[in-house]
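Welcome, and thanks for taking a look at this one. Let's walk through how some of its pieces pack together.

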Amino acid sequence: MKLSLFLPTGTSSEFPGASDPVAAFTTIRDIARTAEECGFHALWAPDHFVPFGGGADHVFEVWTTLAALARETNRIRLGQMVTANGYRNPALQAKMASTLDVISDGRLTFGVGAGWFEQEYAAFGYDFPPAPERLRQLRETLQIVRSIWTEPSATFDGRHYRVQSLTARPTGVQTPHVPIMVAGGGEKVTLRLVAEYADYCNVQEPPEEVARKFGVLAQHCADVGRDFSTITKTSTGYCILADSDAEARAQIPPWAPMVFPGELADYGLVGTVETIRERLAVWERAGVDELIVAFQQVTDLAVLRRFAAEFIDDQGDATT
């Protein structure tokens, strides 16, 4: 199981609004460089514009952030966890992603989802249609993006989006195209979209639920004639490393239920080194190929180095 880093951009109020924004971005750069030095497999950054808890803290836009970090790093992979489909036209998204794949010399995974943060949609003036319509929009986006990257010329006339005789070069570095991640655990539609169009999935649930939903995905793959093993299965963990489990549990932030379903204290990487090692093994047994770890103390580079020394081997795999 690979271990990757969820890169902060301010959504969890890591960078107070009164602080220097240039210094804040320098911290993001230093976290990215440290993650690469420590052997993390990838950096995944959120596509959000405002803090989850409200307020006026600094939040950095993900695509420009990753473009900058692509030139500040050399090995570590990059991706969005995940870009919200409704925030940008799908043809533009394809163009941005293929450009970033070139900038990073073939290190991008294009992460996309239907979007969920209604408050953010309203603040920026985006329409927020019901979930079924957002999922239909996502399906069209996936069709358009794959067509742009794999066909000499893309034409698509859908209910929500259209492109006409579109040739968009460069189409990226990786072959046959930039890998696509679809995030979400919806059993009828989202996981079906993964089986049909994606190279990666992300299910953000407790491990036992993750394992169950991977089973649902396997059935969708069988239904569409897809080899389940060709999909990289990922999930997301939250880490609070402390000298005792009780001390770690006391630090779980109040916004955690917004993004981590269930009782995070009972399944997250929350506790001592021994507790975290046991829980990493649980994630691996659930069938997770890559665990994306968000850190409560992420701006403390010593914590990242300690975690890596304890749990990451020379190949970027978890040592459990």
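Helices (at least four residues) and strands (at least two) are DSSP runs, numbered from the N terminus. Please keep in mind that the model is a predicted one.

Is Gln 297 buried or exposed? Its relative accessible area is 17%, and buried means under 20%, so Gln 297 counts as buried. Setting aside residues up to four places away in sequence, Gln 297 touches Cys 239, Ile 240, Leu 241, Gln 251 and Val 303.

## The nonpolar core

In soluble globular proteins, nonpolar side chains tend to be buried together. Here, the largest nonpolar core holds 106 residues. Leu 3, Phe 40, Phe 295 and Phe 307 have the most contacts inside this core, and helix H5 (residues 131-150) gives the most to it, with 7 residues.

Apart from neighbours within four places in sequence, its contacts are Leu 3, Phe 40, Cys 239, Leu 269, Ile 276, Val 293, Phe 295 and Ile 312.

## Helix H1 and its partners

Helix H1 (residues 21-38) and helix H2 (residues 62-70) have axes that come within 11 Å and cross at roughly 55°. That angle makes H1 oblique to H2, and the crossing is right-handed. On the H1 side, the contact is made by Phe 25, Ile 28, Arg 29 and Ala 32, while H2 brings Thr 65, Ala 68 and Leu 69. Sorted by class, the contact has 5 nonpolar, 1 polar and 1 charged residues.

Ile 31 also belongs to helix H1. Its relative accessibility is 0%, so Ile 31 counts as buried. Not counting residues up to four places away in sequence, Ile 31 touches Leu 5, Leu 7, Pro 8, Val 298, Thr 299, Leu 301 and Leu 304. The C-alpha atoms of Ile 31 and Asp 300 are separated by 8.6 Å, with the two residues 269 apart along the chain.

## A mostly covered helix

Which residues of helix H6 are buried? They are Thr 190, Leu 191, Leu 193, Val 194, Ala 195 and Tyr 197. That is 6 of the 8 residues of H6 (residues 190-197), leaving the helix mostly covered.

The packing partners of these buried residues are H5, strand E8 (180-183), strand E9 (200-202) and helix H7 (207-224).

Note on methods
Residues numbered from 1 in each chain as written. Predicted model: local features only at pLDDT ≥ 70, side-chain atom pairs only at ≥ 80, totals over all residues. Heavy atoms only, no water. Axes fitted to C-alpha atoms, helices over the stretch in contact; angles between N-to-C directions. Parallel < 35°, antiparallel > 145°, perpendicular 65-115°, else oblique. Left-handed = near helix turned anticlockwise from the far one by under 90°. Contact = heavy atoms within 4.5 Å. Nonpolar A, V, L, I, M, F, W, Y, C, P; charged D, E, K, R; others polar. Core = buried A, V, L, I, M, F, W, Y, C linked by side-chain atoms within 4.5 Å. Buried < 20%, exposed > 50% of the residue type's maximum accessible area, 1.4 Å probe, protein only.
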